[in-house]
Amino acid sequence: MEHIQMVHNLGELIEIIDELSQKEVLWYRGHADKEWELIPSVQRQEFIGKEQNLANDFYMKASVTLRDKPDFRNYSAWLSIMRHYGLPTRLLDWSRSPLIAAYFATENWGRDDKDGCIWIISPSKLNAKEGFEEYLYSIDSHTALQMIRPAFKKEYEPENKRVIDKILACYPIEHDMRIYVQQSAFTLHNTERKLVDIEKEGLLQCITIPWKAKERIAYELNIMGISLSHVYPDAQNIAAELVYQNQIIGEKRWN
């Protein structure tokens, strides 16, 4: 893993991304606190050992409330829905847009004094290092599905043993507006190994955003249309954004 440098505004961020992205496709993930671990939510301490219970309980209870629910054997669709509604899963969210990542890194700018960061991953390098093809898989591909089923069935034995103890970069099935506007992508973790421990040059990089720079970057993102109602497109967030915008008119607290 390589720490690149700090950025204090969108111009500096775009300059770095412009240089990096000319070489390959990259994905981005924003953290409001750079000390947060780069792990899927189901691997947090409070959820260890509970993955199958969470997934199957969600399936049973949410089946009653979902208008267009997938077939019960469509594990990839169910896992995507679980992630969408905030259930801890083995999926780690990424975005194809560095601006979306910057939004998530700075959206809490007035609530703490923590430095944020933007993680940058090369999905093709990850897949190659993990023993897969360098191309990017769909989450409903046969390879991905064999890595998803253990989330529901603990004793599942995959046909292809090379998916055991692996991490796969894959694209979602874009059936939801939020997935579409956030330009979502996933790493699928069929292991407790961490991305930061994988040794591969250029695989994983990190840009720090000092907490004092968060407000400015958030302001610049808002000007560029990367705002609350863009990232979370529903009526409630449109209303919240209109209130916010009318409160900050004329405010700018940096040079």
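Helices (H or I, at least four residues) and strands (E, at least two) are taken as DSSP runs, numbered from the N terminus. The model is predicted: local features need pLDDT of at least 70, side-chain atom pairs count only at pLDDT 80 or more, and totals for chains, interfaces and linings use all residues. Residues are numbered from 1 along each chain as its sequence is written, and side-chain values use heavy atoms, with hydrogens and water left out.

**Exercise 1.** Determine which helices line the second largest cavity.

*Solution.* On a 1 Å grid over the protein atoms alone, a cavity is a set of points where a 1.4 Å probe fits but cannot get out; lining residues have an atom within 4 Å of a point. The lining consists of E51, L54, A55, L79, M82, P88, T89 and A151. With Ala, Val, Leu, Ile, Met, Phe, Trp, Tyr, Cys and Pro as nonpolar, Asp, Glu, Lys and Arg as charged, and the others, Gly among them, as polar, the lining has 6 nonpolar, 1 polar and 1 charged residues.

**Exercise 2.** Describe how α2 and α3 cross.

*Solution.* Axes are lines fitted to C-alpha atoms, for helices over the stretch in contact, with angles from 0 to 180 degrees between N-to-C directions. The two axes come within 11 Å and cross at roughly 95 degrees. That makes α2 roughly perpendicular to α3 (65 to 115 degrees). Contact (heavy atoms within 4.5 Å) involves A55, F58 and Y59 of α2 and W78, I81 and M82 of α3. These divide into 6 nonpolar, no polar and no charged residues.

**Exercise 3.** Characterise the ring pair W27 and Y171.

*Solution.* Rings of Phe, Tyr and Trp (its six-membered ring) pair if their centres lie within 6.5 Å; planes under 30 degrees apart count as stacked, over 60 as edge-to-face and the rest as tilted. The count comes to 7 aromatic pairs. For W27 and Y171 the centres are 5.4 Å apart and the planes at 55 degrees, so the pair is tilted. W27 lies in β2 (residues 27–31) and Y171 in β6 (residues 166–171), so the pair ties together parts 144 residues apart in sequence.

Definitions and conventions:
1 Å grid on protein atoms, 1.4 Å probe; cavity = no way out; pocket = protein on both sides within 12 Å on 5 of 7 lines; lining within 4 Å. Parallel < 35°, antiparallel > 145°, perpendicular 65-115°, else oblique.
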